[in-house]
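This report is meant for someone meeting the structure for the first time.

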Amino acid sequence: AAELVGCNVFDFIHHDDLGRVRHAFEQALTGVPASAVEHRFRYKDGSWRVFESVGHYAFDFPFGPIAIINSRDITDRKSLEAQFRQVQRIEVIGRMTTRVAHDFKSVLTTNVASADRLLERDLPTGVERSVRHLSRTARQAQDWMNRVLSYTRHESDAPVPVNVND
């Protein structure tokens, strides 16, 4: 505390935030209702922390008006808010991926069914080989999509027998 005697508090405020903080301080001195101002504040070790400050007009002294400034360190809260926004973005990407996987799987199912119908016909050898290759690669892609969808549902890869009569 002794090191701060005679220091100007504005010297500890980040230069990009200084204008807003000075304006809020001047408003507090005139009695304008206070609103919180977020700003960066330099600590003794040189690091920057995020503060939220509110100034209130107190009273006049012979040398001028006095404002009381209340500040609190909200750095940790801001960090948690940023992490929460990141988690929300990742969640949206996960939902989009699931939708794309479902749509892609539908396209692949159509390709597999069409290839299977073609293979029921009498096809020239070269065409039959191409259709079998198409069917095989489409089934492989279906398997990949099943894995993606299984992962998004937190399910295991193990197949489960189902009685379709039930």
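Predicted model: local features only at pLDDT ≥ 70, side-chain atom pairs only at ≥ 80, totals over all residues.

Residues are numbered from 1 along each chain as its sequence is written, and side-chain values use heavy atoms, with hydrogens and water left out.

Strands β1 and β2 pair in the antiparallel sense over six bridges, where two strands count as paired if DSSP finds at least two bridges between them, and the bridge partner of Arg42 in β2 is Trp48. The hairpin of β1 and β2 has five residues between the strands, and in it Gly46 takes a positive phi near 95 degrees. Strands β2 and β3 pair, also in the antiparallel sense, over 10 bridges, with Ser71 of β3 as the bridge partner of Ser53.

## Helices against the sheet

A contact means heavy atoms within 4.5 Å, and angles run from 0 to 180 degrees between the N-to-C directions of lines fitted to C-alpha atoms, for helices over the stretch in contact. On β1, Val37, His39 and Phe41 make up a covered face, whereas Glu38, Arg40 and Arg42 make up an uncovered one.

Helix α2 covers residues 75–119, and its 45 residues reach 65 Å from the first C-alpha to the last, close to the 66 Å expected at 1.5 Å a residue; the expected span is 1.5 Å times one less than the number of residues. Its buried residues are Thr75, Thr98, Ala101, Leu108, Val112 and Ala115, where buried means under 20% relative accessible area, exposed over 50% and partly exposed in between, with a 1.4 Å probe and protein chains only. What covers these buried residues includes β2, β3 and α3.

Helix α3 has 28 residues and reaches 41 Å from its first C-alpha to its last, close to the 40 Å expected. The residues buried in α3 include Val131, Ala138, Met145 and Leu149, and α2 is among the elements that cover the buried residues of α3.

## Charged pairs

Side chains of opposite charge can pair when their charged atoms come close. The structure holds 15 salt bridges, each being a side-chain nitrogen of Lys or Arg within 4 Å of a carboxyl oxygen of Asp or Glu. In one of them, the side chains of Glu3 and Lys44 meet at 3.0 Å, N to O. Glu3 lies in the segment before α1 and Lys44 in the loop between β1 and β2, so the pair ties together parts that are 41 residues apart in sequence. Both Glu3 and Lys44 are exposed.

Glu38 meets Arg77 in a salt bridge of 3.9 Å, N to O, which links strand β1 with helix α2 across 39 residues. Glu38 also meets Lys78, at 3.0 Å, N to O; as Lys78 lies in helix α2 and Glu38 in strand β1, this pair ties together parts that are 40 residues apart in sequence. Arg77 is partly exposed at 34% relative accessibility, Glu38 is partly exposed at 31%, and Lys78 is partly exposed at 28%. Elsewhere, Asp16, Asp17, Arg20 and Arg40 are linked in a network of salt bridges.

## The chain as a whole

The protein chain has three helices and three strands, which run α-β-β-β-α-α from the N terminus on. Its radius of gyration is 33 Å, well over the 15 Å that the globule rule gives for 166 residues, so the chain is more spread out than a compact globule; the radius is taken over C-alpha atoms, and the rule is 2.2 Å times the number of residues to the power 0.38. Taken along the principal axes, the C-alpha atoms fill a box of roughly 105 × 40 × 30 Å. Buried residues make up 19% of the 166 residues.

Terms used. Helix = DSSP H or I, 4+ residues; strand = E, 2+ residues; numbered from the N terminus.
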